[in-house]
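Take a first look at the model below. The questions after it start with one residue and then widen to the whole chain.

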Amino acid sequence: MCFDLGHWPNHFKESKTIVIPKPNKSSYDSLKSFRPIVLLNTLGKLIEKVIGERLQFQVISNNFIHQSQLGDLKFKSTTDAGITLTHFIHTGWIKNLSTSTLAFDIAQFFPSLNHCLLSLILDKAGFSPQVARFFSNYLVNRKTSYYWNNFSSHSFDINIGVGQGSALSPILSTLYLSLFFHIFEKYIRNLDLKFFTLSFVDDGLLITQSKSFHLLNTCLFSSYNITLTLLSKFGLQVEHSKTKVFHFSRAYSTFNSPPLDLSPISGLLLVPKDTWKYLGFIFDRKLCFHKHIGYYANKAISMVKCMKIIGNSTRCLIPQQKHLLYRSCAFSITLYGFQLWFYSKAPLSYCQDR
């Protein structure tokens with residue numbers, strides 16, 4: 001009925017935004033130290049979930065989603081992105097090629113999506129004008145009230161981007177970026193640049209391979225410049241302070257990671273560190289994953305120690321409850337990302353990096 005009328009009820013467009021502080025911040029005197037949590041009507045979110053499932057089924061069926069997009073899609077996770085990256089690196093090493101990556105983050109991604117362009121993308125994806133008309137109504141006239149401790153505000157209009165917290169935001173944002181990656185791929189092909197892209201929602205990754213790190217940095221510079229130009233045409237901007245470069249190499253000799261000079265286009269000189277954290281995975285240049293395993297092992301041990309707090313001398317958890325808690329929390333933390341480094345003959349003890 002909503003699609004037939006091209007209308008989304010107004011009471012589903014009203015939300016409450018709860019502002020909470022982000023944990024482990026040294027200072028809370030800036031807005032970035034806080035996270036807004038949007039609360040929407042439960043029935044509306046259920047209907048949005050059903051619509052989102054149908055949209056995703058259709059765009060995957062007609063291959064509109066770019067193959068490099070792994071976020072906000074069913075049966076796609078951070079683990080899939082990590083496995084794809086490590087497979088690409090290992091494949092390059094077989095050919096005696098080193099791999100370099102440039103990670104970037106799109107600033108204010110969800111609020112920056114252009115409604116008119118999104119309607120054109122829906123048409124490009126093969127949806128009927130009826131669907132585009134529905135979303136033209138769905139995206140406007142939304143309101144929210146802000147709550148911060150004991151403070152509550154009046155309603156504000158939020159007629160920009162896609163609704164944060166909405167069950168339709170993931171698929172709509174994926175469609176928005178799909179067209180970008182298809183155009184980016186054509187640019188790279190026309191310039192005869194060998195590149196592989198990876199995207200997890202608003203976290204983008206540019207990957208290239210060569211025997212020379214000078215050539216790798218040159219390719220990364222060119223691709224980053226193209227990325228900035230295309231994103232600006234889509235009404236999006238990169239948060240340069242979060243851009244990171246990392247080089248993977250199997251060289252046994254002392255390895256000095258060459259910096260990447262992006263000063264002509266972003267004012268940055270990127271110097272790679274010894275490790276790089278991407279989607280929760282801690283990479284080192286040889287893919288040993290020693291620090292990754294150590295980090296999550298310590299985190300799991302801390303979790304188990306905290307489990308003792310739940311209970312006292314007179315009332316405590318029964319063994320079945322402890323087992324369930326361990327399997328649900330500590331075990332999942334311990335095994336996060338094990339698919340990236342574990343195989344049948346994987347060494348399970350630490351050794352010094354050669």
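Loops, strands, helices and totals

Q: Where is the place of Phe 289?
A: Phe 289 lies in a loop. Helices (H or I, at least four residues) and strands (E, at least two) are DSSP runs, numbered from the N terminus. This is a predicted model, where local features need pLDDT of at least 70, side-chain atom pairs count only at pLDDT 80 or more, and totals for chains, interfaces and linings use all residues. The loop that holds Phe 289 is between S14 and helix H9 (290-306).

Q: Is Phe 289 buried or exposed?
A: Phe 289 has a positive phi of about 65°, although it is not a glycine. Residues are numbered from 1 along each chain as its sequence is written, and side-chain values use heavy atoms, with hydrogens and water left out. Buried means under 20% relative accessible area, exposed over 50% and partly exposed in between (1.4 Å probe, protein chains only). Phe 289 has 1% relative accessibility, so it counts as buried.

Q: Is Asn 63 buried or exposed?
A: Asn 63 is not a glycine either, yet its phi is positive, about 60°. Its loop runs between H2 and helix H3 (78-94). At 62% relative accessibility, Asn 63 counts as exposed.

Q: Which residue in S14 is the bridge partner of Tyr 278?
A: Strand S13 (residues 275-278) and S14 run antiparallel, joined by 4 bridges. Two strands pair if DSSP finds at least two bridges between them. S13 and S14 form a hairpin with 2 residues between them, and Leu 279 in the turn has a positive phi of about 55°. The partner of Tyr 278 is Phe 281.

Q: Which residues of strand S14 point the other way from Phe 281 and Phe 283?
A: In a regular strand, side chains alternate between the two faces of the sheet. Strand S14 covers residues 281-284, and Phe 281 and Phe 283 point one way. The other way point two residues that are buried too: Ile 282 and Asp 284.

Q: What relative accessible area does Leu 175 have?
A: Leu 175 lies in helix H6 (residues 169-190). Leaving aside neighbours within four places in sequence, it is in contact (heavy atoms within 4.5 Å) with residues including Val 59, Phe 64, Ile 121 and Phe 127. Leu 175 is buried because its relative accessible area is 0%.

Q: How many Å separate the C-alpha atoms of Leu 175 and Leu 122?
A: Leu 122 is among the contacts of Leu 175. The two are 53 residues apart along the chain. Their C-alpha atoms are separated by 7.6 Å.

Q: What covers the buried residues of H5?
A: Helix H5 spans residues 129-138. Its buried residues are Val 131, Ala 132, Phe 134, Phe 135, Asn 137 and Tyr 138. Their cover includes helix H1 (2-5), helix H2 (42-61), helix H4 (115-124) and H6.

Q: How many disulfides does the structure hold?
A: Cys 116, at 61% relative accessibility, counts as exposed. Cys 288, at 28%, counts as partly exposed. A disulfide is a pair of cysteine sulfur atoms within 2.5 Å. The number of disulfides is 0.

Q: What percentage of the residues of the protein count as buried?
A: The protein has 11 helices and 14 strands. Its C-alpha trace spans about 70 × 65 × 45 Å along its principal axes. Of its 354 residues, the buried part is 42%.
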